[in-house]
Amino acid sequence: MIFDRVKSLDAILATAEQKSLHRSLGAFQLTMLGIGAIIGTGIFVLTAAAAQKAGPGMMFSFVIAGFVCAVAALCYSELASMVPVSGSAYTYTYAVLGELMAWMVGWALILEYAVAASAVCVGWSGYVMGLVQSTTGLALPEFLASGPAWGMNGFVPTVDFSHGVINLPAIVVAGLVTWLLVLGTSESANVNAVLVLIKVVALTAFIVLSLPILKGENFTPLMPTGFFGENGLGVVGAAASIFFAYVGFDAVSTAAEETKNPQRNVPIGLIGSLGICTIFYLLVAAGVVGTVGAQPVRDAAGVVLSPDGVAFADRCAELKALGENPIACSKEALAETLRLMNFGVVGDLVGLAASIALPSVILMMIYGQTRIFFVMARDGLLPETLADVHPKYRTPWKMTIFTGIVVAIAGAFFPVGQLADISNSGTLFAFFMVALAVMILRHKDPGRHRPFRTPLVWVVAPLAAAGCLGLYLNLPLIAKLVLPIWGSIGLAIYFLYSRGHSHVGRGLAEVHELDRDAPPPAV
């Protein structure tokens with residue numbers, strides 16, 4: 001049952017060959033593409049959560065997360081070059097492991113994209129509110145500026161509304177982006193290039209100002225929560241969260257069809273972009289640690305608190321009342337660090353850069369979510385009415401509005417760190433399945449043409465699978481529980497609806513992913 005209903009890879013490849021794109025991208029262009037896709041949300045938003053989980057040891061966390069991304073990316077690239085069509089890991093899995101596994105991957109990708117978009121909305125909210133307060137002195141009431149604090153009592157979730165009720169700015173930005181996607185508003189390459197430049201300049205300014213004034217004592221103790229901690233703490237636990245900062249590298253792997261000499265240039269682009277971004281992230285982390293310190297917040301008994309729990313929110317409120325501003329409590333870590341260094345104007349400019357650049361990330365994540373929905377609906381695995389195109393705007397408006405509502409609700413009521421962890425659980429599962437798919441296809445069909453072959457596949461693919469599994473096991477308990485619960489819901493939907501409506505199961509041989517304008521129009 002697991003490996004039945006495999007979508008015809010030969011049909012996909014034959015049509016893809018007829019519609020192949022012009023190979024024009026070299027190693028440099030791929031590297032720049034990867035840097036633009038990777039640098040963004042994670043480093044601006046998750047530095048504070050990483051500081052709480054690992055302290056100065058978060059620098060090692062960036063290296064670990066970058067390594068797992070690199071080996072997963074090499075596996076991803078082999079399938080992307082063989083199946084250069086819409087649908088991402090969902091399509092690759094459908095062609096190799098069959099419909100059930102493809103459904104589970106697609107279901108996990110829904111979790112990844114929608115929750116990731118919510119995390120960016122919350123991160124954007126923190127930077128915008130910090131910028132407004134710093135420049136005008138005005139601020140929203142606390143109950144409208146952030147959602148409640150969530151925790152766990154054993155296996156039972158707990159919620160506390162004393163420090164926030166609803167994140168209104170996150171709802172607003174999710175609504176605006178959804179409205180733009182329904183209208184079909186597209187971003188030009190020039191606009192994207194400017195936004196990438198804004199992000200890189202902001203991080204470069206932070207590094208240039210912070211590195212000359214590092215203090216060695218701020219790096220001690222280096223790993224206050226240890227290498228492996230409990231409930232998502234420790235260097236590896238922080239790496240599991242920081243993984244969010246690297247997602248976007250698939251922009252390189254999915255460009256394999258347009259790459260000159262992909263066997264050489266794809267790994268250069270992947271490793272080059274991940275390497276450069278890792279160096280950027282290390283320098284930024286060193287700047288935060290060395291200038292203002294990044295030791296985790298502890299309770300009265302000296303126990304390190306989980307960054308998303310009720311106790312952590314209470315403790316941060318106590319420290320703020322005492323005039324202390326630990327960076328782990330900040331909602332705009334990089335801008336706050338610059339202000340604490342007496343570079344208030346530059347801190348405001350970094351906040352402005354994040355406020356300008358992050359909505360484009362939200363747009364692409366919601367768009368990616370609707371793309372997965374669109375392909376699955378046209379395969380019959382979801383109700384095909386979800387794929388209805390608006391008669392005027394020619395966009396998949398139903399699924400776009402539905403996705404926007406889900407993103408807004410999650411952003412309104414959950415903290416950024418928990419959203420990133422939950423998103424990572426779906427991402428890690430999808431990448432784990434891609435690593436398995438590469439090994440299975442090498443065994444089942446070793447002679448098939450592969451424009452890009454994963455080097456040392458029997459070393460790299462197991463490392464990718466083990467790395468993804470290891471990071472997942474080091475996520476906080478609530479994030480680990482979400483994936484099996486979400487997966488169980490997905491299995492129920494598959495057997496109650498999707499399996500009976502599947503086009504492949506009904507003998508319909510069309511390959512919808514071959515439509516390069518899906519969903520129309522391309523954003």
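This is a predicted model: local features need pLDDT of at least 70, side-chain atom pairs count only at pLDDT 80 or more; totals for chains, interfaces and linings use all residues.
The largest nonpolar core comprises 144 residues. Within this core, the residues with the most contacts are Phe44, Met58, Tyr246, Tyr281 and Leu334. Helix H7, spanning residues 99–136, is the top contributor to the core and supplies 22 residues. A second core is separate and has 6 residues, among them Val297, Leu305, Phe312 and Ala328. Tyr281 belongs to the largest core. Residues up to four places away in sequence aside, Tyr281 touches Ile38, Ile39, Gly40, Ile43, Phe62, Ala245 and Tyr246.

The second largest pocket holds about 1,400 Å³ of space. Its lining consists of 46 residues. Closest to the pocket centre are Ser146, Lys320, Cys329, Ser330 and Lys331. By class, the lining has 24 nonpolar, 14 polar and 8 charged residues. Six helices each contribute at least two lining residues: H4 (47–54), H7, H8 (142–145), H14, H15 and H18 (416–444). H7 gives the most, with 8 residues.

Glu332 lies in the loop that joins helix H14 (310–321) to helix H15 (333–340). Its relative accessible area is 7%. Glu332 therefore counts as buried, as this value falls under the 20% cut-off. Beyond its neighbours within four places in sequence, Glu332 contacts Gly126, Tyr127, Gly130, Leu131 and Arg339.

Definitions and conventions:
Residues are numbered from 1 along each chain as its sequence is written. Side-chain values use heavy atoms; hydrogens and water are left out. Helices (H or I, at least four residues) and strands (E, at least two) are DSSP runs, numbered from the N terminus. Buried means under 20% relative accessible area, exposed over 50%, partly exposed in between (1.4 Å probe, protein chains only). Contact means heavy atoms within 4.5 Å. A nonpolar core is a set of buried Ala, Val, Leu, Ile, Met, Phe, Trp, Tyr and Cys residues joined through side-chain atoms within 4.5 Å. On a 1 Å grid over the protein atoms alone, a cavity is a set of points where a 1.4 Å probe fits but cannot get out, and a pocket is an open set with protein on both sides within 12 Å along at least five of seven lines; lining residues have an atom within 4 Å of a point. Grid points are joined across faces, edges and corners, and a volume is the space filled by probe spheres set on the points. Ala, Val, Leu, Ile, Met, Phe, Trp, Tyr, Cys and Pro count as nonpolar, Asp, Glu, Lys and Arg as charged, and the others, Gly among them, as polar.
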